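Grab a pencil and have the viewer open.

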Amino acid sequence: MSTLLDGNHLPLVPEDSVAPARRRPILGRMLLAGAAAFIGLSLIRWLTGANDLTSGGTVNTALLSAIPIGLAGLAGLWSERSGVVNIGLEGMLVLGTWGAGFAGYQWGPWAALIAGGICGAAGGALHALATVTFGVDQTVSGVAINLLAPGVALYLNKLMSDTYQNVEGGGGGDKQSPRMEGIQQLSIPGIESPLRDLEAKQWFLLSDIAGVLRGVFVDMSALIVVTVVMFVGTWYILWRTAFGLRLRSCGEAPYAAESLGVNVYLYKWIAVVTSGFIGGIGGGALAVMAGLYKDGQTGGRGYIGLAAMIFGNWRPGGLATGAGLFGYTDALKSRQADSVKALLLILGLLLIGVGVWRVLRMRRGRGAGAGTWTLVGNVATVVVGAAAVIGFFAVERIPSELVSATPYLATLIVLVLASKNFRMPKADGQVYRRGAH
Amino acid sequence: VRRLRARLSGRDAALAVLAPVSAVAIALLISSVVILIAGHHPIDAYRAMAKSLDPSTPRGDRYFVLIVNQATTYYLAGVAVAIAFRMNLFNIGVDGQYRLAVMVAALVGAQVDLPPFLQVPLILVIAMLVGGLWASIAGLLKVGRGISEVISTIMLNAIATAVVAYLLNRFGVTQGNDRSTEELPRSAWIPGIPWREAANEIYGLVFLAVIVGILYGVLLGRTRFGFDLRATGLSQSAAVASGVSVKAMTLRVMFLSGATAGLVGLPLLLGNSHSYGLDFPAGVGFVGIAIALLGRNSAVGMAFAALLWGFLDSSAVSLETVDVPKELVRIMQGVLVLSVVVAYELVRRYRLVLEQRDVGRAVGEPPPGPGGPAAPSLEKASA
């Protein structure tokens with residue numbers, strides 16, 4: 001269990017820190033792929049009439065759902081880039097929700113976020129103590145923190161419950177905190193009604209763009225700004241500073257880093273505590289959105305965040321895409337069943353495309369390691385894709401219970417399709433002992 | 001030489017005891033601090049917990065049954081995790097495997113009505129198959145695409161939750177304001193074992209847990225398969241050199257682990273609830289991980305761990321009588337797991353240092369001081 005993806009399956013993809021010149025074409029390709037996906041989405045909306053696919057409301061909800069997932073993933077990114085697997089994210093989110101509930105009703109939503117971060121950082125410190133200082137298996141420590149954190153949060157909340165019950169107009173109690181006020185919302189003035197009109201026309205592409213713009217720039221929660229700032233800040237710190245390079249070197253080759261004079265223990269500590277802090281803010285954001293702390297509020301978002309991070313190949317941009325996709329399915333689920341059915345069509349076509357392309361590539365003999373396994377995998381991809389397309393035409397509506405599984409299924413499918421292109425930090429999950437090499 | 005050996009074994013025994021004892025001590029210490037924060041006296045809280053077991057009262061009997069029943073469930077989950085652990089596979093998916101398996105077993109079991117000697121094995125086999133196959137997805141992904149079982153089983157847990165909810169709504173019946181599967185025919189009911197004055201009964205399938213424990217011990221300790229499994233867990237390259245196919249072992253072990261996970265819900269299903277509903281506990285798979293860690297993957301150790309966990313669970317309520325929030329127990333459990341793994345890690349490292357010193361003495365070199373030149377080389381061997 002020391003590596004999440006067995007290293008021997010992975011041809012090394014050049015890292016941009018090694019070859020910065022190669023980043024631009026990749027970025028360009030990703031933008032192109034994003035644009036193509038958007039046009040495809042727009043086309044399907046136009047053809048099937050599932051107008052919620054790109055409505056402003058959907059986009060707005062999707063962004064909100066994506067915030068805690070994205071922050072959880074970002075937390076995981078910090079930790080794993082330094083070589084520490086953080087399954088305990090879920091627990092750190094839980095601590096964050098409690099901290100936010102505790103601070104929020106007294107000092108407002110911004111204090112709630114900070115308090116959530118501090119509580120999460122405490123969880124991170126525990127994880128760092130166990131894994132970095134004592135060298136305990138990282139997954140084990142994470143699982144233990146996930147067992148511990150909900151107990152701690154509920155215990156603290158019960159100690160506070162007498163105070164909570166006496167808060168005016170609060171309604172706090174054993175399992176929840178008093179209500180706090182909401183966080184600010186920002187809008188670009190004067191764009192709402194023209195965008196809404198354009199969206200209502202239901203034109204191909206134009207209305208979709210209007211919907212997305214309205215979803216993003218009208219009533220935008222300040223939490224979104226916070227999240228974006230943290231993503232950009234993380235990218236800058238980890239990939240554009242000497243500090244970040246040293247931190248990532250601890251996740252790639254700790255002993256080499258050590259030989260260059262990097263204090264690996266210290267860097268791992270900083271990374272894991274920061275991870276807890278960001279995870280705590282993610283939990284805090286959940287509490288701020290709900291207006292209070294509630295037992296069981298996180299609902300596995302720590303795990304989804306982890307999935308988003310892996311989906312994004314341990315990179316901030318990919319992670320943001322993953323979080324956005326997960327937030328998007330989440331938003332669709334709560335809105336319109338037809339839209340979800342349309343997703344099935346998209347997924348099916350995508351899978352068939354990828355599968356057929358791979359089989360063709362294999363026949364031309366270009367596929368690396370073209371064994372029976374690969375062929376079976378590719379054929380299975382096409383079959384699953386065909387099943388999804390058939391499902392679109394055969395099924396009346398997708399049961400809402402199954403929709404909630406979409407993000408997880410998507411992550412698994414992406415892992416299956418692209419596992420050869422995945423590149424996790426090389427020493428991720430391995431115990432580092434100073435001087436052991 | 002004999003004296004040296006005697007001293008060595010005495011030291012080993014002391015070291016073996018040191019880890020669990022210090023872990024419990026740390027856990028008690030931290031819990032005491034947590035109780036003091038709440039403004040109560042730790043001794044009061046511990047006394048209240050111990051009193052819930054008092055055998056001279058009917059309540060004590062009831063709690064005893066409760067503990068045994070919970071331990072049965074936890075033990076099966078622990079064994080499921082431990083099978084994979086022994087091969088360095090981390091099956092976080094026991095939770096999903098168990099719920100999906102017991103759900104499908106309950107659905108199918110309600111549709112057929114065979115004589116008991118066929119009905120019960122049928123349900124057992126279905127549960128094991130479903131759990132095993134669900135876990136096998138993770139095994140296949142690992143073998144075929146190199147995807148870590150940690151990640152895939154986390155995803156599969158969530159997917160299982162969705163599938164179970166769907167099946168329950170599609171095929172279940174509404175009972176009161178709860179959704180559950182149809183009730184099993186009486187041929188599938190396994191009578192409980194009455195215990196003294198207690199109103200509740202011990203699950204009949206407590207014996208299933210015992211059998212599974214014995215099979216686990218025998219399979220791992222006394223068979224070729226078990227040897228290969230442990231060898232693969234200790235050193236893949238050594239196992240490959242002795243002719244073991246790691247891929248085949250991974251598939252088999254994930255299936256076995258999942259099949260055992262499939263049994264987790266059956267004592268409750270066949271012994272008490274007779275239908276699957278939302279009242280089935282979630283998170284049992286994670287408790288199973290804790291049990292496997294506390295019991296150090298040993299069949300006997302895990303039995304003690306499961307009983308301890310069950311005792312902590314059921315004595316939680318009695319904490320409220322002294323005004324301590326019952327969540328204290330969850331803190332104790334979490335701290336216990338953490339301190340156990342930390343204590344064993346530290347003792348393991350300390351033992352390495354000691355052994356190294358012995359070697360140094362035996363070959364006549366001066367014993368290296370802490371951090372001396374020889375220290376890293378042994379650390380490397382352990383890393």
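**Exercise 1.** Which residues in α4(B) meet which residues in α10(B)?

*Solution.* First, some ground rules. This is a predicted model, where local features need pLDDT of at least 70, side-chain atom pairs count only at pLDDT 80 or more, and totals for chains, interfaces and linings use all residues. Residues are numbered from 1 along each chain as its sequence is written, chains are lettered from A and ligands numbered from 1 in the order in which they are written, and side-chain values use heavy atoms, leaving out hydrogens and water.

Step 1: find the helices, which are DSSP runs of H or I with at least four residues, numbered from the N terminus. You want residues 94-111 for α4(B) and residues 246-263 for α10(B).

Step 2: look for contacts (heavy atoms within 4.5 Å). On α4(B) you get Val94(B), Gln97(B), Tyr98(B) and Ala101(B), and they meet Ser257(B), Gly258(B), Ala261(B) and Gly262(B) on α10(B).

Step 3: sort them. Ala, Val, Leu, Ile, Met, Phe, Trp, Tyr, Cys and Pro count as nonpolar, Asp, Glu, Lys and Arg as charged, and the others, Gly among them, as polar. The contact of α4(B) with α10(B) has four nonpolar, four polar and no charged residues.

**Exercise 2.** At what angle do the axes of α4(B) and α10(B) cross?

*Solution.* The axes of α4(B) and α10(B) come within 7 Å and cross at roughly 55 degrees.

Step 1: name the angle. Under 35 degrees is roughly parallel, over 145 roughly antiparallel, 65 to 115 roughly perpendicular and the rest oblique. So α4(B) and α10(B) are oblique to each other.

**Exercise 3.** Is Phe255(B) buried, partly exposed or exposed?

*Solution.* Step 1: locate Phe255(B) in helix α10 of chain B.

Step 1: apply the cut-offs: buried is under 20% relative accessible area, exposed over 50%, partly exposed in between (1.4 Å probe, protein chains only). Phe255(B) has 29% relative accessibility, so it counts as partly exposed.

Step 2: check its neighbours. Leaving out residues up to four places away in sequence, Phe255(B) touches Leu129(B), Gly132(B), Leu133(B) and Ser136(B).

**Exercise 4.** How many of the 28 residues of α3(B) are buried?

*Solution.* Step 1: find α3(B) at residues 58-85.

Step 1: count. The buried residues number 22 of the 28, so α3(B) is largely enclosed by the rest of the structure.

Technical notes. Helices (H or I, at least four residues) and strands (E, at least two) are DSSP runs, numbered from the N terminus. The expected span of a helix is 1.5 Å times one less than its number of residues. Axes are lines fitted to C-alpha atoms, for helices over the stretch in contact, and angles run from 0 to 180 degrees between N-to-C directions.
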